[in-house]
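Look at the structure first, then read on.

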Amino acid sequence: MDERTWTVGELAAASGLSVRVLRHWDEVGIVRPGRTTSGHRRYGGPDITRLYRALALRRTGLGLEAIGAALDERSPDATAVLQDHLERLETEIERSVRLRDRLRAALDGDGSVMSVISAMTMVDGYVHGYRAEEGARLADQAEALEALLHRDTAFPTGSHVLEVGCGVGAQTTVIARRSPGAHITAIDISADSLAQARRRVRAAGLAAGVTFRRLDVHDLPDDGLGPVDHVVVCFVLEHLSDPLDVLRTLRAALRPGGTITVIEGDHASTDFTPDSAAARTAIDCQVVLQRQAGGDPMIGGRLGELLSAAGFADVTTSPREVRVDDAGAADAFVLRTFTAMIAGVREPAVAAGLTTPEAFDAGIADLRRTAEPGGTFRYTFTRAGGCAP
Ligand SMILES: C[S@@+](CC[C@H](N)C(=O)[O-])C[C@H]1O[C@@H](n2cnc3c(N)ncnc32)[C@H](O)[C@@H]1O
């Protein structure tokens with residue numbers, strides 16, 4: 001007996017999907033029915049089952065590409081795809097709740113349009129935000145600065161390393177590659193960044209040595225973690241309003257004799273030619289916004305003092321200067337790392353009334369000019385270390 005089949009019109013009526021959607025799903029490989037000799041689509045039993053599986057996945061909000069990969073088991077780990085998606089949903093929900101609370105506070109306060117705009121633009125409460133461009137910038141930054149900042153990174157085999165604020169995993173891959181036998185637990189508050197970090201580490205073939213956890217550094221020490229042997233913090237303290245308290249917390253998360261490594265920048269060290277008032281004003285926008293969000297963009301210069309005040313012993317500080325006067329480094333550091341970071345605050349800076357779009361863009365153009373032949377750029381990071389007594 002011939003198997004019962006359905007036309008695209010019959011299936012559209014039964015599933016509630018339009019004929020157009022069913023055709024598109026055929027084209028992109030979600031459900032590919034057989035064809036009659038005259039070329040008409042005919043959906044059989046397995047196609048219907050696959051369609052309803054696709055619909056179930058779509059209800060979770062997954063994109064078509066991920067649905068196709070999960071149905072075909074092309075994805076190396078379908079559960080990981082759904083886990084990433086769940087984390088992304090949680091981030092969106094948290095972001096919406098933060099936005100609602102900020103808007104409510106702005107409207108309950110002076111209710112002015114400016115305070116509402118400010119609430120909307122700074123909703124992440126984190127000056128760089130979590131846009132895709134920022135993820136790419138963090139990856140460029142880690143690559144451009146690896147030799148300078150990590151030439152002495154190598155944690156011993158068997159040791160447990162805690163990386164705080166791992167973001168999209170740009171530093172995690174560097175640390176893991178340079179410490180092949182160590183186990184790294186990488187934490188961050190952003191579920192979306194963690195999902196990207198997981199993918200990055202997996203793609204680099206380093207997943208076996210790294211565990212990711214969604215955890216706020218303020219919630220340490222954590223029972224599930226136990227005392228760790230080493231802590232690494234890179235470009236995170238500059239965003240926190242209580243870096244000294246956080247360093248004390250991290251000291252408590254270390255076993256006695258364990259080490260901490262902190263890497264931060266200092267925007268006051270920025271120096272470039274040709275000099276430009278417009279470029280300096282654009283950099284100041286970032287400084288002001290970061291301070292408004294509770295951070296300290298000059299924290300690199302205070303790391304030694306902070307580590308000592310937090311009770312670490314054998315404190316060392318090592319200034320790491322980027323001196324750019326050749327084309328390769330100019331592209332990687334000046335354009336894709338530093339200028340991209342400043343350019344990322346354009347909208348909040350304009351919304352907060354710190355600059356105009358024209359003045360800001362002129363500053364960015366001047367910063368880009370420092371990467372041209374004859375231009376120079378200098379910036380000093382600090383890598384500091386200490387021991388838990
Ligand atoms: C500038 S990014 C640096 C990411 C990474 N360390 C790197 O260098 O590529 C700062 C990261 O710190 C995370 N972060 C901020 N506050 C945090 C907190 N309280 N606990 C854990 N992570 C935090 C942010 O979500 C963000 O991913």
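## Where domain 2 meets domain 3

In this predicted model, 8 residues of domain 2 are in contact with 9 residues of domain 3. On the domain 2 side, helix H5 (78–108) and helix H6 (113–121) are the elements that give two or more residues. H5 gives the most, with 5 residues. By type, this side of domain 2 divides into 4 charged, 3 polar and 1 nonpolar.

The centres of domain 2 and domain 3, taken over C-alpha atoms, are 24 Å apart. Domain 2 spans 78–121 and domain 3 spans 132–387. The chain also has a domain 1, at 8–71.

## The ligand shell

The ligand is surrounded by 22 residues. Leu138, Gly165, Gly167, Ala170 and Val217 are the closest.

What is the make-up of the shell in nonpolar, polar and charged residues? The shell has 12 nonpolar residues, 8 polar and 2 charged.

## H8 against H9

The crossing of H8 and H9 is right-handed.

From H8, the contact uses Thr172, Thr173 and Ala176. From H9 come Ala197, Arg200 and Val201. Together, the residues of this contact divide into 3 nonpolar, 2 polar and 1 charged.

Methods. Residues numbered from 1 in each chain as written. Predicted model: local features only at pLDDT ≥ 70, side-chain atom pairs only at ≥ 80, totals over all residues. Near = placed C-beta within 6 Å. Nonpolar A, V, L, I, M, F, W, Y, C, P; charged D, E, K, R; others polar. Left-handed = near helix turned anticlockwise from the far one by under 90°. Helix = DSSP H or I, 4+ residues; strand = E, 2+ residues; numbered from the N terminus. Contact = placed C-beta atoms within 7 Å. Domains from an automatic or database assignment.
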